Amino acid sequence: MISKTINLTLKVWRQNREEKKGRLENYHAKDISVDMSFLEMIDVVNEDLTKNRKEPIAFDHDCREGICGMCGAVINGRVHGHEKETTLCQLHMRHFSDGDTIVIEPWRSRAFPLIKDLVVDRSALDRIIAAGGYISVNTGGAPDANGLPIAREVAETAFNAAACIGCGACVAACPNASAMLFVSAKVSHLALLPQGRPEAAKRVQAMVRLMDECGFGNCSNETECEAECPKGISILNIAWLNREFLKAEFS
Amino acid sequence: MKADTKLDAKIPAGPLEEKWDRYRFDLKLVNPANKKKFEIIVVGTGLAGASAAATLAELGYHVKNFCIQDSPRRAHSIAAQGGINAAKNYANDGDSVWRLFYDTIKGGDFRAREANVYRLAQISNHIIDHCVAQGIPFARDYGGFLDNRSFGGAQVSRTFYAKGQTGQQLLIGAYSALMRQVSNGMVKLFPRREMMDLVIVDGKARGIVVRNLITGEMETYDAHAVVLATGGYGNVFNLSTNAMASNVTAAFRAYKKGAYFANPCFTQIHPTCIPVHGTFQSKLTLMSESLRNDGRVWVPKKPGDKRLPGDIPESERDYFLENKYPSFGNLVPRDVASRNAKEQCDKGKGVGETGLAVYLDFEDAIKQVGENVIAGKYGNLFEMYKKITGENPYRAPMMIFPAVHYTMGGLWVDYNLMSTIPGLFVLGEANFSDHGANRLGASALMQGLADGYFVIPYTIGGYLAQTSFSNVNPSISSEFKQSVKQIHEKVEKLLSVNGKRTVSEFHRELGLILWEHCGMSRNEEGLSKSLSMVNNLRHEYWENVYVPGTGKDFNQSLENAGRVADFLEFGELMINDALARKESCGCHFNTAFQTEENEAKRDDENFCHVAAWEYTGDAQKPNSHKESLSFENVELSQRSYK
Ligand code: SF4
Ligand code: FES
């Protein structure tokens with residue numbers, strides 16, 4: 001690793017829950033090693049702010065390896081930054097150049113109220129799962145795991161849908177703030193598997209209804225969600241959801 | 001050894017194979033109509049916490065479930081890559097409950113309880129059945145049946161997996177079961193809450209105090225029993241593979257309320273992680289150790305050799321694992337591989353800019369089987385490495401370095417998973433129970449889910465059915481009030497120190513001390529020295545830390561400051577435990593106790609026990625208790641990898 005450092009200007013959205021209006025504030029990120037992740041760069045800025053007796057920038061994060069779905073912000077207008085299939089924590093500073101100005105904003109959606117700075121409330125996504133994103137099986141009494149073979153391709157397609165990390169980037173990327181990609185990923189994951197079939201109709205109706213109630217917008221096939229999804233969730237899932245939904249409504 | 005009255009493991013009598021079945025029959029049951037009268041607090045929503053909360057709610061108990069993140073689905077179990085073991089023997093290669101039990105006991109270097117481990121192996125099969133029924137998309141073969149692989153040196157194929165994201169898929173399964181109970185109204189969910197204290201009334205765990213991380217408000221909750229599933233304490237080292245928010249606070253505050261802490265010095269170090277790039281590194285990333293199946297580990301023979309790897313001729317490379325352990329080579333166990341890598345770096349032979357790395361080279365493997373085959377096996381890992389380091393491992397060797405990964409120590413629990421505080425149960429990585437002095441690969445997920453889905457639902461019933469409870473009202477109870485008052489004082493104190501150093505600076509310093517002296521190899525002198533270093537650092541912390549902001553707000557600096565304050569105290573406990581264990585076993589390698597082959601040398605005569613520590617007051621030496629381990633079904637053996 002050849003270490004190189006760069007200097008950046010940041011424009012960061014600062015806002016507290018109680019405040020009606022937020023604002024972009026300017027900060028300097030100095031001597032940033034290009035091997036750092038984007039969040040480590042913010043750590044450095046925060047360390048600096050703290051030392052200068054200023055309040056650090058609030059942002060959500062946890063695993064820092066692209067799997068928990070907790071991180072996320074809009075970087076120069078791009079959700080999770082400009083690298084393909086990358087969460088913000090896995091975006092590295094080698095993709096930026098010395099002297100760059102970077103605008104960092106929270107995800108905006110009516111369904112994601114702002115908590116502080118870059119932190120938003122995504123609990124609507126949990127409520128959608130609670131509405132039906134499961135297979136109703138109690139612990140105990142399940143038959144032998146190999147009792148029901150599932151074709152390998154089916155299992156893999158289900159896995160690809162199940163790989164959604166619930167980050168909400170699809171919502172943030174969508175001009176309508178629709179949560180269709182997220183919902184469809186769960187609907188497909190479970191509807192594809194034989195274990196999930198019995199509840200498939202009820203599930204898709206309940207989840208779609210709750211999505212509407214939470215204030216997410218409608219899907220008008222903009223495909224921005226797929227382009228920005230860090231886990232490569234395919235919009236084919238949305239087509240499957242629509243099919244499942246129509247089937248459910250007309251039966 | 002004097003029997004310790006509080007440390008009764010309550011292991012049921014009878015033959016090993018029948019203990020759990022018989023015990024479940026003997027356990028008192030809670031009448032179905034009465035279950036709804038009981039409330040249970042579960043702290044944590046990882047595999048252990050979410051599975052426990054969901055299952056207890058299915059049974060009819062009212063559950064309050066807390067987590068530190070914005071959603072229960074983000075708990076750190078999600079990051080586990082490799083897989084989950086079970087003794088299904090689908091591969092027909094000679095696996096059995098007995099073999100999984102034996103491998104786990106041996107892997108733990110004979111420092112775990114036979115009865116607990118046997119139960120774990122028995123339950124392992126039910127876990128897979130349940131997870132498949134939940135819709136977890138495990139890998140399958142062309143016939144549509146579940147695929148297994150051998151993992152971490154196991155001689156049988158017993159690991160079930162879902163690409164490199166097994167933890168994520170299992171957690172989503174437990175999370176969906178949990179959310180189903182949330183919608184049924186049986187679980188009330190409290191995200192963005194951090195447990196600050198355990199509240200004890202009449203000698204029993206009856207509630208918790210949490211900080212609402214959005215408003216900063218202290219909130220109190222009561223219940224008939226409290227279940228902690230709050231994970232491990234690897235972040236005491238500052239850098240580890242743990243998620244950023246993983247911490248010891250909940251467990252440590254329970255310790256301060258009287259729960260004994262067992263084997264805190266048992267921490268597992270994983271050999272194949274991406275090396276540190278600089279001071280501001282925030283966490284370390286693990287790469288599956290399956291890489292060692294094809295990669296060759298080496299360093300330059302000459303210390304300080306700064307040439308690029310490709311410029312170092314074969315004759316000037318030291319393939320130190322292959323040379324030292326000819327029969328196992330690069331596949332020696334985790335701790336042996338880690339220790340040897342650090343040893344090379346300590347000699348100045350480390351590579352990369354920091355000198356804290358060794359090469360893991362795929363050149364020969366690519367020459368032998370072709371780039372396609374290697375890409376087929378490790379494509380994802382190579383991509384991940386490239387993403388993080390910006391280097392292409394198909395062209396130049398990877399650089400790896402060991403990192404703290406898992407903690408086998410934890411709160412002491414009996415066979416019921418109950419701590420020394422009645423009504424306080426501890427599950428998953430937060431307890432000490434099943435992995436002894438070292439954990440086998442793909443066993444953490446198994447234990448978390450076994451505890452949550454299949455053990456606690458029974459044992460907690462036994463406790464509730466047999467205990468009489470007084471009424472507790474958190475808004476008037478003096479115990480709750482007292483606890484809230486103390487936490488407020490502590491928070492105010494942290495905010496008012498107003499010193500010159502940041503919380504992260506202290507955390508980094510603590511981590512370096514522990515890594516150096518209480519890490520993968522230890523000695524008496526270093527440990528004693530580090531004890532006073534940590535002590536000094538803790539004193540300085542309370543005089544010189546600066547925590548910005550207020551307590552009445554979303555304040556991540558304050559959250560961190562509380563956790564690091566606990567880590568500073570906990571670090572001393574770890575060191576004391578390491579000092580007291582005058583032997584080497586599993587991951588605890590004291591250089592004074594090694595075989596001629598540099599293997600950990602146990603002292604079964606004097607240390608075949610669980611060390612459990614009792615809090616006696618701030619800055620006081622903890623009391624030492626011992627639960628002696630007896631092995632009736634396996635013979636204690638010494639491992640050798642030469
Ligand atoms: S579909 Fe993609 S963008 Fe949307 S929540 Fe899931 S992982 Fe995030
Ligand atoms: S912090 Fe977990 S996905 Fe980024």
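Domain bounds here come from an automatic or database domain assignment. With that noted, I looked up chain B, which is divided into domain 1 (270–403) and domain 2 (478–622).

Ground rules first. I am reading a predicted model, where local features need pLDDT of at least 70, side-chain atom pairs count only at pLDDT 80 or more, and totals for chains, interfaces and linings use all residues. Residues are numbered from 1 along each chain as its sequence is written, chains are lettered from A and ligands numbered from 1 in the order in which they are written, and side-chain values use heavy atoms, with hydrogens and water left out.

**Entry: the two domains of chain B**

I checked the spacing. The C-alpha centres of domain 1 and domain 2 of chain B are 31 Å apart. Domain 1 of chain B puts 12 residues into the contact, and domain 2 of chain B puts in 10; contact means heavy atoms within 4.5 Å.

Next I took the buried area, the accessible area (1.4 Å probe) that two parts lose on being put together, summed over both. For these two domains of chain B it is about 890 Å², with 58% from carbon and sulfur atoms.

I then asked how many salt bridges the rule finds across this domain interface of chain B. It finds one. The rule wants a side-chain nitrogen of Lys or Arg within 4 Å of a carboxyl oxygen of Asp or Glu. B:Lys342 pairs with B:Glu516 in a salt bridge, their closest N and O atoms 3.7 Å apart.

Which elements give two or more residues to the domain 1 side of chain B that touches domain 2? They are helix H9 (334–346) and strand S15 (398–407) of chain B. H9(B) gives the most, five residues. Helices (H or I, at least four residues) and strands (E, at least two) are DSSP runs, numbered from the N terminus.

**Entry: chain A**

I turned to chain A and found eight helices and seven strands. Its C-alpha atoms fill a box of roughly 60 × 45 × 35 Å along the principal axes. Of the 251 residues of chain A, 59% count as buried, that is, under 20% relative accessible area with a 1.4 Å probe, protein chains only.

**Entry: chain A against chain B**

I looked at the chain interface last. Here 78 residues of chain A are in contact with 76 residues of chain B. The two chains bury about 6700 Å² between them, 52% of it on carbon and sulfur atoms. I noted seven salt bridges between chain A and chain B. B:Lys283 and A:Glu65 meet in a salt bridge at 2.4 Å, N to O.

Terms used. Buried < 20%, exposed > 50% of the residue type's maximum accessible area, 1.4 Å probe, protein only.
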